[in-house]
Amino acid sequence: MFRTPLNLFRTLAVVEAITWTLLIGGLILRATSDLAIAVTIGGGIHGFVFLAYGATAILVAKNQRWGAGPTVVAIGSAIVPYATIPTELWLHRSGRLDGAWRLAQTDDPRDGAWHDRLMRWFLNRPWVLAILLVLAVVAIFVVLLILGPPGGRD
(Lines give C-alpha, C1' and ligand atoms only; values in the text may rest on other atoms or scores of the structure.)
Protein backbone atom coordinates (compact mmCIF):
# COMPACT_ATOMS: atom_id res chain seq x y z
CA MET A 1 0.00 0.00 0.00
CA PHE A 2 2.69 2.49 0.99
CA ARG A 3 5.38 1.26 -1.38
CA THR A 4 7.02 4.67 -1.57
CA PRO A 5 7.57 7.57 0.84
CA LEU A 6 5.43 9.70 -1.50
CA ASN A 7 2.40 7.40 -1.12
CA LEU A 8 2.62 7.34 2.67
CA PHE A 9 3.27 11.06 3.06
CA ARG A 10 0.55 12.06 0.58
CA THR A 11 -2.02 9.83 2.28
CA LEU A 12 -1.32 11.22 5.74
CA ALA A 13 -1.22 14.81 4.43
CA VAL A 14 -4.70 14.44 2.90
CA VAL A 15 -6.15 12.61 5.91
CA GLU A 16 -4.73 15.27 8.24
CA ALA A 17 -6.43 17.98 6.18
CA ILE A 18 -9.72 16.05 6.24
CA THR A 19 -9.56 15.81 10.03
CA TRP A 20 -9.21 19.59 10.19
CA THR A 21 -12.67 19.66 8.58
CA LEU A 22 -13.98 17.36 11.33
CA LEU A 23 -12.51 19.59 14.03
CA ILE A 24 -13.77 22.83 12.46
CA GLY A 25 -17.19 21.26 11.89
CA GLY A 26 -17.25 20.20 15.53
CA LEU A 27 -16.40 23.73 16.63
CA ILE A 28 -19.20 25.11 14.47
CA LEU A 29 -21.68 22.58 15.89
CA ARG A 30 -20.63 23.43 19.42
CA ALA A 31 -21.07 27.15 18.76
CA THR A 32 -24.39 26.88 16.94
CA SER A 33 -26.08 23.85 18.48
CA ASP A 34 -24.35 23.53 21.83
CA LEU A 35 -23.07 20.07 20.83
CA ALA A 36 -19.79 19.94 22.74
CA ILE A 37 -19.43 16.24 21.93
CA ALA A 38 -18.81 17.18 18.28
CA VAL A 39 -15.56 18.88 19.28
CA THR A 40 -14.60 15.93 21.46
CA ILE A 41 -15.07 13.51 18.57
CA GLY A 42 -13.64 15.69 15.80
CA GLY A 43 -10.82 16.91 18.01
CA GLY A 44 -9.92 13.40 19.13
CA ILE A 45 -9.76 12.09 15.58
CA HIS A 46 -7.82 15.14 14.44
CA GLY A 47 -5.39 14.89 17.35
CA PHE A 48 -4.60 11.26 16.65
CA VAL A 49 -4.08 11.86 12.92
CA PHE A 50 -2.04 14.99 13.70
CA LEU A 51 0.38 12.85 15.73
CA ALA A 52 0.43 10.13 13.05
CA TYR A 53 1.21 12.74 10.39
CA GLY A 54 4.07 14.09 12.52
CA ALA A 55 5.53 10.60 12.93
CA THR A 56 5.18 10.02 9.20
CA ALA A 57 6.86 13.32 8.40
CA ILE A 58 9.82 12.40 10.61
CA LEU A 59 10.13 8.93 9.06
CA VAL A 60 9.92 10.24 5.50
CA ALA A 61 12.31 13.11 6.27
CA LYS A 62 14.85 10.62 7.62
CA ASN A 63 14.43 8.28 4.67
CA GLN A 64 14.66 11.08 2.11
CA ARG A 65 17.52 12.82 3.95
CA TRP A 66 15.79 16.16 4.19
CA GLY A 67 17.53 18.97 5.98
CA ALA A 68 16.08 20.73 8.99
CA GLY A 69 14.15 23.29 6.90
CA PRO A 70 11.88 20.96 4.93
CA THR A 71 11.43 18.73 7.98
CA VAL A 72 10.26 21.62 10.17
CA VAL A 73 7.97 22.91 7.40
CA ALA A 74 6.45 19.43 6.93
CA ILE A 75 5.79 18.95 10.64
CA GLY A 76 4.74 22.55 11.21
CA SER A 77 2.27 22.47 8.32
CA ALA A 78 -0.02 20.31 10.43
CA ILE A 79 -0.58 23.25 12.78
CA VAL A 80 -2.17 25.39 10.05
CA PRO A 81 -5.53 24.11 8.76
CA TYR A 82 -5.19 22.39 5.38
CA ALA A 83 -1.51 23.36 5.01
CA THR A 84 -0.35 19.75 4.74
CA ILE A 85 -1.67 19.50 1.19
CA PRO A 86 0.27 22.44 -0.29
CA THR A 87 3.28 21.30 1.73
CA GLU A 88 3.04 17.83 0.17
CA LEU A 89 2.75 19.42 -3.29
CA TRP A 90 5.84 21.56 -2.64
CA LEU A 91 7.85 18.62 -1.34
CA HIS A 92 6.79 16.51 -4.32
CA ARG A 93 7.50 19.20 -6.92
CA SER A 94 10.88 19.95 -5.39
CA GLY A 95 11.83 16.26 -5.68
CA ARG A 96 11.99 15.68 -1.93
CA LEU A 97 9.47 12.84 -2.12
CA ASP A 98 11.10 11.10 -5.09
CA GLY A 99 12.55 7.65 -4.72
CA ALA A 100 11.93 4.51 -2.79
CA TRP A 101 12.39 3.43 0.79
CA ARG A 102 16.08 2.99 1.61
CA LEU A 103 16.02 -0.73 2.35
CA ALA A 104 19.65 -1.53 1.55
CA GLN A 105 22.96 0.11 2.36
CA THR A 106 24.59 2.05 -0.47
CA ASP A 107 28.05 3.51 -0.96
CA ASP A 108 26.86 6.71 0.70
CA PRO A 109 28.91 7.14 3.90
CA ARG A 110 25.79 8.28 5.76
CA ASP A 111 24.36 4.76 5.38
CA GLY A 112 26.87 3.50 7.93
CA ALA A 113 25.41 5.56 10.76
CA TRP A 114 23.67 3.58 13.50
CA HIS A 115 20.40 5.44 13.02
CA ASP A 116 20.38 4.71 9.28
CA ARG A 117 21.03 1.02 9.95
CA LEU A 118 18.23 1.01 12.51
CA MET A 119 15.85 2.73 10.08
CA ARG A 120 16.69 0.17 7.34
CA TRP A 121 16.13 -2.67 9.81
CA PHE A 122 12.62 -1.36 10.56
CA LEU A 123 11.86 -0.54 6.92
CA ASN A 124 12.67 -4.13 6.03
CA ARG A 125 10.12 -5.20 8.66
CA PRO A 126 7.19 -2.90 7.85
CA TRP A 127 4.73 -4.61 10.22
CA VAL A 128 7.10 -4.17 13.13
CA LEU A 129 7.61 -0.52 12.16
CA ALA A 130 3.86 0.07 11.76
CA ILE A 131 3.04 -1.51 15.11
CA LEU A 132 5.80 0.44 16.85
CA LEU A 133 4.67 3.74 15.31
CA VAL A 134 1.02 3.08 16.18
CA LEU A 135 1.96 2.22 19.77
CA ALA A 136 4.08 5.38 20.04
CA VAL A 137 1.29 7.56 18.64
CA VAL A 138 -1.28 5.92 20.95
CA ALA A 139 1.00 6.42 23.98
CA ILE A 140 1.54 10.10 23.18
CA PHE A 141 -2.18 10.52 22.48
CA VAL A 142 -3.13 8.98 25.83
CA VAL A 143 -0.64 11.17 27.70
CA LEU A 144 -2.04 14.25 25.98
CA LEU A 145 -5.60 13.18 26.82
CA ILE A 146 -4.61 12.81 30.46
CA LEU A 147 -3.00 16.25 30.44
CA GLY A 148 -6.18 17.74 28.98
CA PRO A 149 -7.16 19.80 25.98
CA PRO A 150 -5.23 22.86 24.83
CA GLY A 151 -6.32 25.87 26.83
CA GLY A 152 -7.58 23.75 29.73
CA ARG A 153 -10.95 22.24 30.49
CA ASP A 154 -14.15 24.26 30.37
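## Terms and basis

A residue is called buried under 20% relative accessible area, exposed over 50%, and partly exposed in between, with a 1.4 Å probe and protein chains only.

The model is predicted, so local features need pLDDT of at least 70 and side-chain atom pairs count only at pLDDT 80 or more, whereas totals for chains, interfaces and linings use all residues. Residues are numbered from 1 along each chain as its sequence is written, and side-chain values use heavy atoms, with hydrogens and water left out.

Side chains of opposite charge can pair when their charged atoms come close. A salt bridge here is a side-chain nitrogen of Lys or Arg within 4 Å of a carboxyl oxygen of Asp or Glu, and the count by this rule is nine.

One of these joins Arg65 to Asp111, with 2.3 Å between the closest N and O atoms. The two residues are 46 apart and link distant parts of the chain: Arg65 lies in the loop between α2 (36-64) and α3 (68-76), and Asp111 in the loop between α4 (84-93) and α5 (114-123). Helices in this numbering are DSSP runs (H or I, at least four residues), as strands are (E, at least two), counted from the N terminus. Asp111 is buried because its relative accessibility is 1%. Asp111 also forms a salt bridge with Arg120, the closest N and O atoms being 3.7 Å apart. Arg120 counts as buried, at 6% relative accessibility.

## A second pair and the network

Asp116 and Arg102 form a further salt bridge, at 2.9 Å from N to O. This pair also links distant parts of the chain, 14 residues apart, with Asp116 in helix α5 and Arg102 in the loop between α4 and α5. Asp116 is buried at 2% relative accessibility, and Arg102 is buried with a relative accessible area of 13%.

Salt bridges connect Lys62, Arg65, Arg102, Asp108, Arg110, Asp111, Asp116 and Arg120 in a network.

## Positive phi angles

Most residues other than glycine have a negative phi, and most peptide bonds are trans. Asp34 is not a glycine, yet its phi is positive, at about 55°. Asp34 is located in the loop between α1 (5-33) and α2.

Arg65, also a residue other than glycine, has a positive phi near 55°. Arg65 counts as partly exposed because its relative accessibility is 27%.
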